[in-house]
Amino acid sequence: MTTSNIEDGMAEDMVRQLPFQGRGRPFWRPSIGQKIGGIFLLVLLVAAANIVVVKEMLHDLNGVAATLNVAGKLRMLSQKIALETVSLTLGEGGHDIVESSIHDFETALSVLERGGTVFGYDIRKLSLQHRPQVHAVQVDWIDYRSHIRAVLAPPAADTVAAPVVAQFEPVAAASARLLSGTETLISSIVTQTQQTQEQALRRIYALVLLDVCACYGIRGDPAAGGTSFV
């Protein structure tokens with residue numbers, strides 16, 4: 001073996017024994033200030049999400065309250081129209097009062113179906129979930145209105161007017177069906193509202209969990225050598 005070969009072997013042994021300085025080091029390691037900034041940014045985002053969710057829930061509650069008020073108006077107007085019709089047959093009130101109530105009922109029902117403004121409330125149209133209940137109320141209303149108009153119509157000259165009680169038997173039956181339909185519609189709106197509130201609460205609970213995790217990140221884990229900022 002020549003002297004050059006011996007020297008080359010010794011050089012290789014020395015290279016193997018030298019530690020690799022860059023081995024195992026990450027390409028980028030954030031500083032403590034950057035970690036703190038990232039954690040506080042996460043907390044800020046979670047807090048903003050909390051505000052958005054709560055604001056949307058309050059907005060939905062206000063919208064539901066207005067919708068329920070208008071739906072309640074349908075129930076009240078259906079009974080009011082019957083009372084006004086009875087008063088008119090007894091010689092009190094006038095046709096314009098009954099027609100005004102009929103117009104109010106139809107306007108409220110139309111706004112619930114399509115959305116709009118009525119009685120000072122801004123109403124969003126009801127979801128497809130309530131379509132069957134709205135349709136049922138519309139059908140009952142058409143039948144109810146026809147009986148009211150039949151009672152209010154003057155009798156023909158060659159006919160004898162039926163007793164008031166007999167005239168109002170179909171009105172009473174139609175009024176009961178309409179009242180039941182409006183109650184079903186209101187119940188459907190309330191059920192959907194409860195479901196929406198439960199979904200919003202689940203989102204809030206998830207955000208609270210994120211808040212706890214973010215606070216734990218700020219505090220650190222002393223057992224693991226983490227830094228505590230509390």
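Author: Let's start with how helices are compared: axes are lines fitted to C-alpha atoms, for helices over the stretch in contact, and angles between N-to-C directions run from 0 to 180 degrees. The model is predicted, with pLDDT of at least 70 needed for local features and 80 or more for side-chain atom pairs, while totals for chains, interfaces and linings use all residues. Residues are numbered from 1 along each chain as its sequence is written, and side-chain values use heavy atoms, without hydrogens and water.

Reader: What makes up the secondary structure of the protein?

Author: Five helices and two strands, in the order α-α-α-β-β-α-α from the N terminus. These are DSSP runs (helices H or I, at least four residues; strands E, at least two).

Reader: Why is α3 called roughly antiparallel to α4?

Author: The axes of α3 (residues 95–114) and α4 (residues 131–152) come within 12 Å and cross at roughly 170°. Angles over 145 degrees count as roughly antiparallel, so α3 is roughly antiparallel to α4.

Reader: Which residues of α3 and α4 meet?

Author: From α3, among them are His95, Val98, Ile102 and Phe105, and from α4, Val137, Trp141, Ile148 and Leu152 are included. A contact means heavy atoms within 4.5 Å. By class, this one has nine nonpolar, two polar and five charged residues.

Reader: How do you know that Val151 is buried?

Author: Buried means under 20% relative accessible area, taken with a 1.4 Å probe and protein chains only. Val151 comes out at 12%, so it counts as buried. Val151 lies in helix α4, and beyond its neighbours within four places in sequence it touches Thr85, Thr89, Gln167, Phe168 and Val171.

Reader: What lines the largest cavity?

Author: A cavity is a set of points on a 1 Å grid over the protein atoms alone where a 1.4 Å probe fits but cannot get out, and lining residues have an atom within 4 Å of a point. Here Glu113, Leu126, Ser127, His130, Arg131 and Val134 do the lining. Glu113 and Val134 also belong to the α3–α4 contact.

How values were computed:
1 Å grid on protein atoms, 1.4 Å probe; cavity = no way out; pocket = protein on both sides within 12 Å on 5 of 7 lines; lining within 4 Å. Parallel < 35°, antiparallel > 145°, perpendicular 65-115°, else oblique. Nonpolar A, V, L, I, M, F, W, Y, C, P; charged D, E, K, R; others polar. Buried < 20%, exposed > 50% of the residue type's maximum accessible area, 1.4 Å probe, protein only.
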